[in-house]
Amino acid sequence: MIETKIRKVGNSAVITLTTEMLTMLDAKEGDTLFVVRGDDGSLRVMAHDPSVAEALEAAEIVMDENRDLLQALA
């Protein structure tokens with residue numbers, strides 16, 4: 001677990017991500033992060049959009065199911 005503080009900057013509240021946190025997220029300054037609320041009220045910070053990952057997984061399933069047809073069309 002890594003601890004960080006909430007600070008006020010202008011009209012916003014911000015947290016600072018350490019170099020270690022950025023490394024864990026595989027992110028860098030300027031990247032977009034996604035925050036998802038869990039069923040238990042927790043927040044998850046992710047470097048990749050979870051909806052895109054879900055769509056890619058669904059596309060992979062469709063491609064696996066229709067491999068022969070897709071090869072014929074290629």
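Helices (H or I, at least four residues) and strands (E, at least two) are DSSP runs, numbered from the N terminus. By this definition, the chain contains three helices and four strands, and its elements follow the order β-β-α-β-β-α-α from the N terminus on. With a radius of gyration of 19 Å, well over the 11 Å that the globule rule gives for 74 residues, the chain is more spread out than a compact globule. Here the radius is taken over C-alpha atoms, and the globule rule is 2.2 Å times the number of residues to the power 0.38. The C-alpha trace spans about 60 × 30 × 25 Å along its principal axes.

The structure is a predicted model, in which local features need pLDDT of at least 70 and side-chain atom pairs count only at pLDDT 80 or more, while totals for chains, interfaces and linings use all residues. Residues are numbered from 1 along each chain as its sequence is written, and side-chain values use heavy atoms, with hydrogens and water left out.

The predictor's confidence in each residue is given by pLDDT, from 0 to 100. Its mean over the chain is 86, and 95% of the residues reach 70 or more. Confidence is lowest in helix 2 (residues 50-65), at a mean of 76, and highest in strand 1 (residues 6-9), at 96.

Of the 74 residues, 7% count as buried. Buried means under 20% relative accessible area, exposed over 50%, and partly exposed in between (1.4 Å probe, protein chains only).

Leaving aside neighbours within four places in sequence, Ile2 is in contact (heavy atoms within 4.5 Å) with Glu20, Met21 and Met24. Across the chain, residues 24 or more positions apart account for 0% of the contacts with a separation of 6 or more.

Ile2 is also one of the residues that line the largest pocket, together with Met1, Thr4, Ile15, Leu17, Met21, Met24, Leu25 and Val45. A pocket is an open set of points on a 1 Å grid over the protein atoms alone, where a 1.4 Å probe fits, with protein on both sides within 12 Å along at least five of seven lines; lining residues have an atom within 4 Å of a point. Helix 1 (residues 19-25) supplies the largest share of this lining, three residues.
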